[in-house]
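Here is a friendly walk through one protein chain, arranged by topic. Keep the 3D view open and follow along as you read.

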Amino acid sequence: MSKTLTIVARIEAKKENIDVIKSEALKLVEPTLAEEGCIQYVLHQDNENPEVFIFIENWKSHELWQKHMDSHHLQTFIKHTEGLLVDLKISQMSCVCDI
């Protein structure tokens, strides 16, 4: 049995672009949750640093997550946020516990 893939995507907006980034990120939630293999896709905003957004994602496989990375809605997000970010970091993770 393969383990699920957890993705932690950290998006840091330029301060003047917080609202645009939040709006564009929220547009990803519904279509991503409908994708094959998506178990969880939750957007968070840092309470102390509102320019920082974190997606916590769980996928049935790396291959299905990769399809998401190539999806139209994610490519649209990338296009619409070009030049508006300070940083974007994606970490691929695996659970080390037995839950």
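Helices and strands here are DSSP runs, a helix having at least four residues and a strand at least two, and they are numbered from the N terminus. Counted in this way, the protein chain has three helices and four strands. Please keep in mind that this is a predicted model. From the N terminus on, the order of the elements is β-α-β-β-α-α-β.

**The chain as a whole**

- The radius of gyration is 14 Å, close to the 13 Å that the globule rule gives for 99 residues, so the protein chain is as compact as a globular protein of that length.
- Taken along the principal axes, the C-alpha atoms fill a box of roughly 45 × 30 × 20 Å.
- Of the 99 residues, 36% count as buried, a label that stands for under 20% relative accessible area.
- The protein chain exposes about 6,500 Å², and carbon and sulfur atoms supply 54% of that area.
- Among contacts between residues at least 6 apart in sequence, 70% join residues at least 24 apart.

**The sheet**

- Four strands make up an open sheet in the order β2-β3-β1-β4, and their pairing is antiparallel.
- At the edges sit β2 (38-45) and β4 (85-93), each of which pairs on one side only.
- From one strand to the next, the twist averages 10 degrees.

**How the strands pair**

- Strand β1 (residues 5-13) runs antiparallel to β4, and eight bridges join the two.
- To find this pairing on screen, look for Glu-12, whose bridge partner in β4 is Asp-87, and for Ile-11, whose partner in β4 is Leu-88.
- β1 also pairs with β3 in the antiparallel sense, over eight bridges.
- Here Ile-7 stands opposite Glu-57 in β3, while Ala-9 has Phe-55 of β3 as its bridge partner.
- β2 and β3 run antiparallel as well, joined by seven bridges, and they form a hairpin with six residues between them.

**Which strands are covered**

- β1 is mostly covered, with seven of its nine residues buried.
- In β3, six of the eight residues are buried, so this strand is largely enclosed by the rest of the structure.

**The helices**

- Helix α1 (residues 18-33) lies across β1, β2, β3 (52-59) and β4, and runs at about 165 degrees to β2.
- Helix α2 (residues 62-69) has Leu-64, Trp-65, His-68 and Met-69 as buried residues.
- Viewed down the axis of α2, its buried residues fall within an arc of 155 degrees, so they line one face of the helix.
- On the other side of α2, Glu-63 and Lys-67 are exposed, a label that requires over 50% relative accessible area.
- The cover over the buried residues of α2 includes β1, α1, β2, β3, α3 (72-80) and β4.

**A closer look at Ala-13**

- Where does Ala-13 lie? Ala-13 is in strand β1.
- Is Ala-13 buried or exposed? Its relative accessible area is 1%, and the cut-off for buried is under 20%, so Ala-13 counts as buried.
- Which residues does Ala-13 touch, not counting residues up to four places away in sequence? The residues it touches are Ile-18, Ile-21, Glu-51, Leu-84, Leu-85 and Val-86.
- Ala-13 and His-44 are 31 residues apart in sequence, and their C-alpha atoms are 13 Å apart in space.

Key. Residues are numbered from 1 along each chain as its sequence is written. This is a predicted model: local features need pLDDT of at least 70, side-chain atom pairs count only at pLDDT 80 or more; totals for chains, interfaces and linings use all residues. Side-chain values use heavy atoms; hydrogens and water are left out. Two strands pair if DSSP finds at least two bridges between them. Axes are lines fitted to C-alpha atoms, for helices over the stretch in contact, and angles run from 0 to 180 degrees between N-to-C directions. Contact means heavy atoms within 4.5 Å. Buried means under 20% relative accessible area, exposed over 50%, partly exposed in between (1.4 Å probe, protein chains only). The arc is that of the directions from the helix axis to the C-beta atoms. The radius of gyration is taken over C-alpha atoms; the globule rule is 2.2 Å times the number of residues to the power 0.38. Accessible areas come from the Shrake-Rupley method with a 1.4 Å probe; for residues, only the protein chains shown count as cover.
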